[in-house]
Amino acid sequence: MAEMPISNPERILRILDSYLEKETRIILFGRAALALGFGKLGSQFAKTMDVDAILPAVEMGKTEADAQFWKAIELTNKSLMHEGLYVSHLFTDG
Amino acid sequence: MATLAQELGETTHCSALLRNARFVGLNSTDDFIRLAVARGCYHYGPGYLPSKNDPGLAVISNEELVALLLLGSNEYEPFAIRCAAQLICSCEAKSLAMVARRERVERSLAYIAKAACKYDTNRAGFWTQLLDYLGEQAPIPEGIMPHWSRFVSQTGVTRKGQGSISWLKCP
């Protein structure tokens, strides 16, 4: 059986993960979350060009100071820019 | 003071670009305007002294500076929007649209580009291309963004006839 091709959100997050130096929690929402969390049903969102995430307000102080996280976001966007993929829509829930 | 996003009825995101700008000493909307003045938006020079600390295009490109000037989290400052309209002429359309999408400033950029399609006819191709890259955007209600006449210089009626309209560009 042919394997499903890797989705755009998975590619973006794998690259982000490769730049992260320590465990970092982000909460996905939107089409990327649907593509990754809902199996075949979510596969229709596999071509979404970005990953949207929520940074929990209660952890924002820590996140703001987490230089490696922001560097990883920047590097991810740089390395994917030629393909039009990105992760930059980060919101807080506060 | 209200932010541009509040005026537009939008939410703001935590911008990695803004964070990067702060890291190189660009801390406010005024700082973004002053950097744009240093990069050629001389029309706004009288009100904003040019920045003496340009971090360079490799750190903050002109496309990114346009996005910073239009960021929703900025305090509502029409001069920043006008400055962005002038600086766009130093940008590459596809890269600008990409940065705009990342930084959620497509609506403001499309508003400027639509005005430019009418009043910067010499560069209509560039503006049309930019609008194509941006795709359809929700229109902005009247009275929030600067009027198109703020993006141009106009001469009055002279002995030679009707006045002319020139879109403000960076040299």
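User: Which residue of chain B caps the N-terminal end of helix 5?

Analyst: This is a predicted model, in which local features need pLDDT of at least 70 and side-chain atom pairs count only at pLDDT 80 or more, while totals for chains, interfaces and linings use all residues. Residues are numbered from 1 along each chain as its sequence is written, chains are lettered from A and ligands numbered from 1 in the order in which they are written, and side-chain values use heavy atoms, with hydrogens and water left out. Helices (DSSP runs of H or I, at least four residues) and strands (E, at least two) are numbered from the N terminus. At helix 5 of chain B, a side-chain oxygen lies 3.0 Å from the backbone nitrogen of Phe79(B), and the residue that supplies this cap is Glu77(B).

User: How many of the 10 residues of helix 5 (residues 78-87) of chain B are buried?

Analyst: Buried means under 20% relative accessible area, exposed over 50%, and partly exposed in between (1.4 Å probe, protein chains only). The buried residues of helix 5 of chain B include Ile81(B), Arg82(B) and Leu87(B), and among the elements that cover them are helix 1 (4-8), helix 7 and strand 2 (165-167) of chain B. Helix 5 of chain B is largely enclosed by the rest of the structure, because the buried residues among its 10 number 8.

User: Which helix of chain A do the buried residues of helix 2 of chain B pack against?

Analyst: The buried residues of helix 2 (residues 16-23) of chain B are Ala16(B), Leu17(B), Leu18(B), Asn20(B) and Ala21(B). Packing rests on contact, meaning heavy atoms within 4.5 Å. Within chain B, these residues pack against helix 3 (29-38), helix 4 (62-70) and helix 6 (93-103), and in chain A their partner is helix 5 (67-80).

User: Which residue's side chain makes a polar contact with the side chain of Ser149(B)?

Analyst: Ser149(B) sits in the loop between helix 8 (124-134) and strand 1 (152-154) of chain B, where it is buried, with a relative accessible area of 14%. A polar contact is a pair of N or O atoms within 3.5 Å; within protein, one must be able to donate a hydrogen and the other to accept it, and residues adjacent in sequence count only if both atoms are side-chain atoms. At 2.7 Å, the side-chain partner of Ser149(B) is His147(B).

User: What is the radius of gyration of chain B?

Analyst: Chain B has 8 helices and 2 strands. The radius of gyration is taken over C-alpha atoms, and the globule rule is 2.2 Å times the number of residues to the power 0.38. For 171 residues that rule gives 16 Å, so chain B is as compact as a globular protein of that length, its own radius of gyration being close to this, at 16 Å.
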